[in-house]
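Visitor: I have a structure to look at, and I would like to learn how to read its features one at a time. Could you guide me through it?

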Amino acid sequence: VARIMAAALLGLAGAGVAVACAAVLADPYAAASSSIGEATGQVGQDAVVSATAFPVLGLASGLLMAAAAVWLVVAGRHWRTSRKYSAAAGPRKADGSPSDRGAVDEIDSWDQLSRGNDPTD
């Protein structure tokens, strides 16, 4: 569920970026007219406006974000969840093999730490 929600938010953000950049590319004057009016104090005057490469890069980025959202939904179904932080079956040596000593509970581990011993050795 979290992957689908993240993909939906990513897709909406990418679509928003793409639409905004496409609007700037379609009519650069309309996108810049409020900034021109604030800078000059005159609104509605003719001005020569040209777009730079940044709206094109923004459009490409927005489309890439939307594509990543689709990929997240499609490929995310095949991802396995991490087992890194699951509870261990018992004490283990550094190489991962079972330990010879008996099971150590949480209280024993705290007592060993209090004595200055590391129970994870």
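Guide: Let us begin with the record, where UniProt positions are given in the numbering used here and annotations may be inferred rather than shown by experiment. Keep in mind also that this is a predicted model.

Visitor: Which residues does the UniProt annotation "signal peptide" cover?

Guide: According to the record, an unreviewed entry, that annotation covers residues 1-20. In the model this span is 95% helix and 0% strand, and its end C-alpha atoms lie 29 Å apart.

Visitor: Which residues does UniProt list for "transmembrane region"?

Guide: The unreviewed entry lists residues 50-74 under that name; over these residues the chain is 84% helix and 0% strand, with the end C-alpha atoms 39 Å apart.

Visitor: How should I read the span of helix α1?

Guide: The expected span is 1.5 Å times one less than the number of residues. Helix α1, residues 2-26, has 25 residues and reaches 36 Å from its first C-alpha to its last, which is close to the 36 Å expected.

Visitor: Which residues of α1 are buried, and what do they pack against?

Guide: Buried means under 20% relative accessible area. In α1, the buried residues are A7, G11, G14, A18 and C21, and they pack against α3.

Visitor: Is W71 buried or exposed?

Guide: W71, which lies in helix α3 (residues 54-76), has a relative accessible area of 53% and is therefore exposed, given that exposed means over 50%. Leaving aside residues up to four places away in sequence, W71 touches G76 and W79. The C-alpha atoms of W71 and A7 are separated by 8.6 Å, although the two residues are 64 residues apart along the chain.

Key
Residues are numbered from 1 along each chain as its sequence is written. This is a predicted model: local features need pLDDT of at least 70, side-chain atom pairs count only at pLDDT 80 or more; totals for chains, interfaces and linings use all residues. Side-chain values use heavy atoms; hydrogens and water are left out. Helices (H or I, at least four residues) and strands (E, at least two) are DSSP runs, numbered from the N terminus. Buried means under 20% relative accessible area, exposed over 50%, partly exposed in between (1.4 Å probe, protein chains only). Contact means heavy atoms within 4.5 Å.
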